[in-house]
Amino acid sequence: MVLKSSFTMLVVASLAVFGTYTPQAEAHSWADCIDWKFNKSGGKQDWSDKGGKCVGFARRFPLHKAFGSLDSADPSRHYQQVHKNPNSALACSNGKAGAEPGSDETRANPPSKAYGGKYGQMTVTSVGDTLCVRWPAKNHAKKNEPNNMVQINLSKAKDAKDISQQELLKNTIARLPYKNCNAGSNEDRRACGGCFKVPVRAKGTYLLQWRWMLNSNEWYTSCADIQIK
């Protein structure tokens with residue numbers, strides 16, 4: 001009788017522990033800001049909302065959302081290209097395709113229709129300017145995680161449709177370390193980012209693609225239109 005009672009208490013205690021345990025989910029990342037401006041120049045970079053502001057966003061990026069929170073949206077912000085041949089997949093999410101479809105990031109006609117109002121503004125820049133792109137760590141900036149490079153691809157828009165992934169891969173202008181993040185205990189919401197110089201290009205509208213490989217052949221992308229003056 002005592003043995004049975006002890007066993008029952010052990011089960012109840014175990015259930016209580018598991019009931020209060022919240023696992024830290026693995027999620028996948030995206031770029032929210034394409035033109036991040038730091039409040040202070042020099043010193044340690046602060047990618048948090050306290051350390052600067054965004055003046056140029058990814059396509060149709062909703063304003064007034066908590067940083068790093070859009071993996072729980074429907075659809076999620078992150079987009080994973082198809083498994084078999086990501087280099088032939090859609091460069092930007094259409095909200096339907098992909099191993100993990102993301103929210104709609106297809107090109108608007110004109111591109112400016114994907115910005116303003118409830119969405120963030122478009123990036124306007126010039127040759128030689130510094131662009132700083134931001135993304136959430138989403139639990140992938142820990143010590144035991146690989147520091148895979150983020151590709152920044154840039155190609156000039158030619159028509160009303162988006163540029164192919166193959167064409168974008170011919171125009172990789174920067175590689176940024178994924179784990180360049182703020183310090184902090186919240187591995188999911190740590191802010192990360194990297195900066196690069198805008199290369200010599202003719203003025204016009206360009207597609208900028210943020211592309212990151214989590215595991216072998218597992219690629220995630222975010223797209224933005226930028227105006228080079």
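This is a predicted model: local features need pLDDT of at least 70, side-chain atom pairs count only at pLDDT 80 or more; totals for chains, interfaces and linings use all residues.
1. Ground rules. Local features need pLDDT of at least 70 and side-chain atom pairs count only at pLDDT 80 or more, while totals for chains, interfaces and linings use all residues. Numbering starts from 1 along each chain as its sequence is written, and side-chain values use heavy atoms, with hydrogens and water left out.

2. Disulfide count. Taking a disulfide as a pair of cysteine sulfur atoms within 2.5 Å, the count comes to 4. With the bonded cysteines of the protein chain numbered in sequence order, they pair up 1-2, 3-8, 4-7, 5-6.

3. Cys92 and Cys223. The sulfur atoms here sit 2.0 Å apart, and the link is left-handed, with -90 degrees about the S-S bond. Cys92 lies in the loop between β2 and β3 and Cys223 in strand β9, 131 residues apart, so this pair links distant parts of the chain (strands are DSSP runs of E, at least two residues, numbered from the N terminus). Cys92 is buried at 4% relative accessible area and Cys223 is buried at 0% (buried is under 20%, exposed over 50%, partly exposed in between, with a 1.4 Å probe and protein chains only).

4. Cys132 and Cys195. This disulfide has its sulfur atoms 2.1 Å apart, and a torsion of about 105 degrees about the S-S bond makes it right-handed. Cys132 is buried at 5% relative accessibility, whereas Cys195 is partly exposed at 27%.

5. Cys181 and Cys192. The S to S distance is 2.1 Å, and this one is right-handed too, its torsion being about 95 degrees. Cys181 is in the loop between β6 and β7 and Cys192 in strand β7, 11 residues apart. Both cysteines are buried.

6. The cores. A nonpolar core here is a set of buried Ala, Val, Leu, Ile, Met, Phe, Trp, Tyr and Cys residues joined through side-chain atoms within 4.5 Å. The largest has 30 residues, of which Ile152 and Trp210 touch the most other members. Its largest share, 5 residues, comes from β8. A second, separate core of 12 residues includes Cys33, Trp36, Ala58 and Cys132.

7. Trp210 up close. Beyond its neighbours within four places in sequence, Trp210 is in contact (heavy atoms within 4.5 Å) with residues including Trp30, Val133, Trp135, Ile152 and Tyr220.

8. Lys96. This residue is in the loop between β2 (52-54) and β3 (123-125), and Lys96 is exposed at 71% relative accessible area. Its C-alpha is 9.3 Å from that of Pro75, 21 residues away along the chain.

How values were computed
Helices (H or I, at least four residues) and strands (E, at least two) are DSSP runs, numbered from the N terminus.
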